[in-house]
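Notebook open. I wanted to look up helix packing first, then the ligand surroundings.

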Amino acid sequence: MRIVSGIQPTGNLHLGNYLGAIRNWARLQEQVGKAGGDCFFFLADLHAISMPHDARGLANATREIAAAVIACGIDADRSVLFNQAQVPSHAELQWLLNGTARMGWLNRMTQFKDKSGKNREGASAALFTYPVLQAADVLLYQTTHVPVGEDQKQHLELARDIAQKFNNDYCSEDAPLFTLPEPMIPPEAARIMSLRDGTAKMSKSDPSDMSRINLSDDPDTMMKKVKKAKTDPEPLPSEPAGLEGRPEALNLVSIYAALTDTSVAGVLAEFGGEGFGKFKAALGELLVEHLGPVTARFNELKRDVEQIDAILARGAARAREAAAPTLSGAYQALGFLR
Ligand code: TYM
């Protein structure tokens with residue numbers, strides 16, 4: 001097994017990133033390491049320029065998210081941890097794959113539609129071709145599995161389509177260049193929603209900080225955000241069917257289920273019939289208990305800029321080496337004189 005996944009270094013790491021992706025990265029690092037596979041995790045800084053960004057803050061934002069990922073349990077000795085900008089093969093393979101990706105495929109990407117909104121003409125070309133860079137990120141390493149939240153599923157399907165078409169068009173049937181990657185999406189935390197609106201994804205770009213739990217929040221802030229989370233006046237049902245049409249309640253129960261590694265049904269068996277006062281207090285305590293140690297490690301690590309830079313430089317050297325054979329295979333398959 002080869003595991004690869006990335007996160008953009010924009011804004012704070014939040015509970016959606018943690019439960020949807022990074023907690024799984026840490027678990028896979030354990031399991032895959034024992035089974036003889038390996039893991040590559042990266043800060044997708046090249047992706048960050050697809051939206052207006054703060055050039056003066058980018059390097060520090062990259063270091064901060066690296067510190068957060070390490071605080072969540074990624075061990076840079078066991079996994080390869082790096083930022084894309086130090087591994088030029090990502091941008092190179094993207095260009096080579098641009099010849100295979102179809103405009104029609106990119107036009108269907110919902111994230112482009114969401115992020116460009118009504119201003120499609122003013123969106124950057126990078127926002128449009130971003131999914132091709134994401135395909136390059138995974139195809140470069142012969143990735144078998146990609147742990148992500150549900151919002152990235154469509155991008156991974158595109159990566160498979162690109163890999164398949166490239167293999168068909170430029171490789172012989174018995175020697176395809178690219179491995180087709182599988183997404184790994186956690187069942188109870190595939191899509192953590194905003195605390196203010198159960199129909200919107202928890203996101204770094206939501207202007208309201210009350211909509212998300214940040215990994216950098218102190219315990220009082222976490223508690224306050226949970227207590228103020230939007231809910232409805234009904235008590236919790238004792239069966240999952242009773243959460244239909246109650247997105248905010250479903251979201252809080254799903255967060256509880258993900259944190260305790262149970263199911264929504266399991267949480268309702270315990271809390272069915274209870275009001276939100278009791279449930280929110282229990283959820284707040286659970287969050288503080290889980291995230292408190294992560295936050296403490298993060299606050300300590302992020303001060304050590306030299307150590308973070310050294311970790312990322314070492315990871316990048318390993319990633320460049322691992323990427324070289326596939327990149328060179330892609331140049332060769334396309335017929336370049338090199
Ligand atoms: P990004 O930075 O938006 O998010 C990082 C990871 O967190 C997951 N996630 C969520 N999961 C559940 N609920 C949520 N509310 C939530 N919000 C975010 C995302 O699904 C993701 O797994 N394009 C990617 C980064 C990327 C990448 C890649 C990922 C670039 N190249 C190659 C995998 C493989 C992104 O912007 O994720």
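At what angle do helix α1 and helix α9 pack, and how far apart are their axes? I looked up α1 (residues 15-35) and α9 (residues 247-259): the angle is about 40° and the axes are 12 Å apart.

Notes on the source. This is a predicted model, where local features need pLDDT of at least 70, side-chain atom pairs count only at pLDDT 80 or more, and totals for chains, interfaces and linings use all residues. Residues are numbered from 1 along each chain as its sequence is written, and side-chain values use heavy atoms, with hydrogens and water left out.

Terms for helices. Helices are DSSP runs of H or I with at least four residues, numbered from the N terminus. Axes are lines fitted to C-alpha atoms over the stretch in contact, and angles run from 0 to 180 degrees between N-to-C directions.

Entry 1, α1 and α9. The angle makes α1 oblique to α9 (under 35 degrees is roughly parallel, over 145 roughly antiparallel, 65 to 115 roughly perpendicular, the rest oblique). The crossing of α1 past α9 is left-handed (the near helix is turned anticlockwise from the far one by less than a right angle). I listed the contact (heavy atoms within 4.5 Å): Leu15, Leu19 and Arg23 from α1, with Ile255, Ala258 and Leu259 from α9. By class I find 5 nonpolar, no polar and 1 charged (Ala, Val, Leu, Ile, Met, Phe, Trp, Tyr, Cys and Pro are nonpolar, Asp, Glu, Lys and Arg charged, the others, Gly among them, polar).

Helix α11 covers residues 276-301, and α9 packs on α11 at about 40° with axes 10 Å apart. That makes α9 oblique to α11. This crossing is left-handed too. From α9 I noted residues including Leu252, Ile255 and Tyr256; from α11, Phe276, Phe279 and His290 are among them. The contact divides into 12 nonpolar, 1 polar and 1 charged.

I read about 70° between α6 (residues 125-139) and α7 (residues 153-170), with axes 9 Å apart. That makes α6 roughly perpendicular to α7. Tyr130 and Pro131 of α6 are among the contact residues, as are His155 and Leu156 of α7. The class count is 11 nonpolar, 2 polar and no charged.

Polar backbone atoms of glutamine 8 and glycine 149 each lie 2.9 Å from an oxygen atom of the ligand.

Key: Helices (H or I, at least four residues) and strands (E, at least two) are DSSP runs, numbered from the N terminus. A polar contact is a pair of N or O atoms within 3.5 Å; within protein, one must be able to donate a hydrogen and the other to accept it, and residues adjacent in sequence count only if both atoms are side-chain atoms.
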